[in-house]
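Dear colleague,

Please find below the structure I am handing over to you, followed by an account of what was found in it.

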Amino acid sequence: LKPEKRGKIQIYSDILEAFYKNVNGNELSLTRISHTTNLPYDRFKKYLDELVQLGMVSRQNENLAVTEKGLEYVEWNRKTATFLRRMGLVP
Amino acid sequence: MSTEILVISEFVSTALALVLVYFFSKAYKATGFAYLLGLPIGFSFLALSYILLGASLPYEGGGTIQEVLIWSRLIARSYGFAFIAFTYFFSSKTERATKRFLGIISFFSATLLLFVFGFMVITPPLELPSTAAVDEGFTIANLVFLGYAIYSVVRRLELSKEPIAGLWAPTAFFLLVLNQYSSLIWEIDGSQTSFVLAHCFRIASLLLFIRVYESAGRAKH
């Protein structure tokens, strides 16, 4: 079975999580992060730019980091995932 | 139970169902999964059915207005449970199935509109079968829908990870089953105890669903 297509909000959350786990503190390439999030590189870059514009990822020189707002967003998404799991709506 | 208490009970149930509509809408917005639309739609129909039941109470002597309100309530209630069951059915399906689900929503909505149109314009309500004659059939259908929802939730239970919190959703659905079962008993023998229990089970169930959402916000990840 094909997995359910992710919505934009879920993709944002996946990128932020991957970023937080892999970039904050480590030096991993964006290509690697795009693989982690199962996104083609061009689409990944587009979403990343949107996250920077939304203030969820900060870009200083060439360094990228998840902001407080980004972390709150990830937390909100995790709560939703817990709720859906407890409702038996996601495996 | 006096009419005033019943109206208050319907009002409380409506308010609780609308809170759940809000929570489920947020979950849909967060994920973007189309099948999740079934829950806010389902609970909206349930809220509508509670409003219609409350509105029918002042016309307790029978007559056209009460029949129309009760018919509409029966349809809204079954739609509500059907949408909840459909949500579980499509939760394990693919993207193509999700689009089919949206098609079903459109089909059901069109059917509902035709029903309402028939009630109001084409078929005089008094020529329809009495609601007392069909009430049991609707309730049995609701029990089937709820049974499927419980089966789906239990199948995905992870009690080893969350022994208590994992049981709240199936318990809430089970309380809705008891609500429908008590309604069925009341429809058959007119027992006042069953009627009171049906209302208690319903409010307890809606409160428990709210608890599921509220506790997810406090869960450690």
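A:Asp49 is partly exposed in this predicted model, with a relative accessible area of 32%. Its side chain meets that of A:Arg59 in a salt bridge, at 3.1 Å from N to O. Because A:Asp49 belongs to helix H3 of chain A and A:Arg59 to strand E1 of chain A, the pair ties together parts that are 10 residues apart in sequence. A:Arg59 likewise counts as partly exposed, at 38% relative accessibility.

Helix H3 (residues 41-53) of chain A also holds A:Lys46 and A:Glu50, which are separated by about one helical turn because they are 4 residues apart. The side chains of A:Lys46 and A:Glu50 form a salt bridge of 3.9 Å, N to O. A:Lys46 is partly exposed at a relative accessible area of 45%, whereas A:Glu50 counts as buried at 18%.

Strand E1 (residues 57-60) of chain A runs antiparallel to strand E2 (residues 63-66) of chain A, and 4 bridges join them. Within this pairing, A:Arg59 stands opposite A:Leu64 in E2(A). The hairpin has 2 residues between the strands, and A:Asn61 takes a positive phi near 55° there.

Over all chains, the count comes to 7 salt bridges. In general, side chains of opposite charge can pair when their charged atoms come close. A:Glu17, A:Glu75 and A:Arg78 are linked in a network of such salt bridges. In chain B, the side chains of B:Glu10 and B:Arg202 meet in a salt bridge at 3.0 Å, N to O. B:Glu10 lies in helix H1 (residues 3-31) of chain B and B:Arg202 in helix H7 (residues 192-218) of chain B, so this pair ties together parts that are 192 residues apart in sequence. Both B:Glu10 and B:Arg202 are buried.

I turn now to the interface. Here 24 residues of chain A are in contact with 34 residues of chain B. How many salt bridges are counted between chain A and chain B? The count is 0, while 5 residue pairs are found in polar contact across the interface. On the side of chain A that touches chain B, the elements that give two or more residues are helix H1 (8-22) and helix H4 (68-86) of chain A. H4(A) gives the most, with 11 residues. The residues of this side of chain A divide into 9 nonpolar, 6 polar and 9 charged. The area buried between the two chains is about 2700 Å², and carbon and sulfur atoms give 63% of it.

With kind regards

Terms used: Residues are numbered from 1 along each chain as its sequence is written. Chains are lettered from A and ligands numbered from 1 in the order in which they are written. This is a predicted model: local features need pLDDT of at least 70, side-chain atom pairs count only at pLDDT 80 or more; totals for chains, interfaces and linings use all residues. Side-chain values use heavy atoms; hydrogens and water are left out. Contact means heavy atoms within 4.5 Å. Buried area is the accessible area (1.4 Å probe) that two parts lose on being put together, summed over both. A salt bridge is a side-chain nitrogen of Lys or Arg within 4 Å of a carboxyl oxygen of Asp or Glu. A polar contact is a pair of N or O atoms within 3.5 Å; within protein, one must be able to donate a hydrogen and the other to accept it, and residues adjacent in sequence count only if both atoms are side-chain atoms. Ala, Val, Leu, Ile, Met, Phe, Trp, Tyr, Cys and Pro count as nonpolar, Asp, Glu, Lys and Arg as charged, and the others, Gly among them, as polar. Two strands pair if DSSP finds at least two bridges between them. Buried means under 20% relative accessible area, exposed over 50%, partly exposed in between (1.4 Å probe, protein chains only).
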